[in-house]
Amino acid sequence: MVNVTYDASGDLNWVDGDGKTVVYNLGDIGFVIAATALVWIMIPGVGFFYSGLLRRKNALSMIWTSLVSIGIVSFQWFFWGFSLAFSETGSAYIGDLKYFGLKGVLAQPSIGSSRIPSILFCIYQLMFAAITAALAVGAIAERGRLGPIMVFIFIWTTIVYDPIACWTWNSNGWSFVLGGLDFAGGTPVHISSGMAGLAISIYLGKRRGYGTERLAYKPHNVTYVVIGTILLWFGWFGFNGGSALSANLRAIQACIVTNLAASVGGMTWMFWDYRMEKKWSAVGFCSGAIAGLVAITPASGFVGSPAAVVFGVLGGTACNFATQLKFVLGFDDTLDIFASHAVGGIVGNILTAFFAQASVAGADGVTVIPGGWLDHHYIQLGYQVADSVSGASYSFVVTTIILWVLHFIPGCRLRASEEAEILGIDDAEMGEFAYDYVGLDQEPGHAIDTSAVALGGSREPDHHAVKEKRSSTSSIHEKNAPVATEA
């Protein structure tokens, strides 16, 4: 039986095995519960954001991927993920199995803060793990198989996300002990997912028609992009503000800089895009807002409001220009995950070294840090660079290894067949569509070998047959849309 009572003020009291009483403020507990729900809603937000950017024949698969990330990572976190990331008895690189199956995780103070119980900290951090996986696997868009991605998510969360979270936020972690500052996930969430997305993009190779007008399509549903951005921006108040793990002044300040960086980032990206087409782009604003949110994430509990403007401008600018790297380096990053999250996370980590202030961090009445360059603590830049480079290189290398190990396991190869790509991942892998008319709107003249699609590309497509049966009009929508095509 859990030994809990309430005192005269209504606070929750827990007595440990040595008779020591720990007091939990119900306001703080309620605040973190609400923050947990806010971060949860970000995960399908990622799905809608990604879905809207694609062609409609692949739209549902991205929403599916975000929901499946919640399911798989929730089990993984219960099974051993939380223990590998946050056990107090772990090493500087990864935890042990002290909390395997959440054994012993209940009313004792959490490793993140003594103000909330461990079980609450566990489910709050679960949401970070789940959204990181959802961000990373967006890189399979339009050419990845859905079955193997479920295996990938479990493995990747275990041996990529959990170790990076451990060294960043666990009190034993090497980056934490060194003095690295990462309030809400610049390295564990954004750099790790962005570099994993890059590794997946390189492994999968280019989509069919890459480098031609066939892929010069506009997002099929800008409304989905806007809805996804709304859910992400809304949830980010729990993502950054909730990372204070208490309803205090530091949490409020984190919310202020989060909103300001997103606003400035959105405007910055939109202005940069205006120079190209002289159009005010909703997609551009949404992309910039996400870039600003990514950049401010590691710094949100350490910097003042004026600094948030710098994070928004530099985050929006750097991520905007980084979208061109895929053309220079020749990889097909369909959703610009590397440009938005890896580059944005690195920018945020580096800027944290310049603008972190001890006075802001101390607004919670507990945290003591030497600050960054504004506080004349110049070595902080070295700590931030070390953390960023380590997280980026570890995620990229280990993700690549996972992909190639799965490549040689029967049934686990991630690349879809050419037939599946032509048909659309929604139909080929799910048999369902985001819109009921998509199934009637495939390419005329294509004879899809459904046996090959069902086998997930286990045999080579008949390129000759596809070429012979292809009509002069590759898609119904080529007639109606001057830019977009459906395959």
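**Helix packing in a predicted model**

Helix 1 (residues 26-53) packs against helix 2 (residues 59-86) at an angle of about 160°, and their axes are 7 Å apart. The model is predicted: local features need pLDDT of at least 70, side-chain atom pairs count only at pLDDT 80 or more, and totals for chains, interfaces and linings use all residues. Residues are numbered from 1 along each chain as its sequence is written, and side-chain values use heavy atoms, with hydrogens and water left out.

**Terms**

- Helices are DSSP runs (H or I, at least four residues), numbered from the N terminus.
- Axes are lines fitted to C-alpha atoms, for helices over the stretch in contact, and angles run from 0 to 180 degrees between N-to-C directions.

**Helix 1 and helix 2**

- The two helices are therefore roughly antiparallel to each other (angles over 145 degrees; under 35 is roughly parallel, 65 to 115 roughly perpendicular and the rest oblique).
- Helix 1 passes helix 2 in a right-handed crossing (the near helix is turned clockwise from the far one by less than a right angle).
- Residues of helix 1 including Trp-40, Pro-44 and Phe-48 take part in the contact with helix 2, where the partners include Leu-60, Ile-63 and Leu-67 (contact means heavy atoms within 4.5 Å).
- The residues of this contact comprise eleven nonpolar, three polar and no charged (Ala, Val, Leu, Ile, Met, Phe, Trp, Tyr, Cys and Pro are nonpolar, Asp, Glu, Lys and Arg charged, and the others, Gly among them, polar).

**Helix 3 and helix 4**

- The axes of helix 3 (residues 118-137) and helix 4 (residues 146-169) come within 10 Å and cross at roughly 125°.
- That angle makes helix 3 oblique to helix 4.
- The contact of helix 3 with helix 4 has eleven nonpolar, three polar and no charged residues.

**Helix 9 and helix 12**

- Helix 9 (residues 282-296) and helix 12 (residues 337-355) have axes that come within 7 Å and cross at roughly 45°.
- Helix 9 is thus oblique to helix 12.
- Ile-290, Val-294 and Ala-295 in helix 9 meet Ser-340, His-341, Gly-344, Gly-345 and Gly-348 in helix 12.
- By class, these residues are three nonpolar, five polar and no charged.

**Helix 8**

- At 1.5 Å a residue, the 29 residues of helix 8 (residues 249-277) should span 42 Å, which agrees with the 43 Å between its end C-alpha atoms (the expected span is 1.5 Å times one less than the number of residues).
- Lys-278, which follows helix 8, has a positive phi, near 55°.
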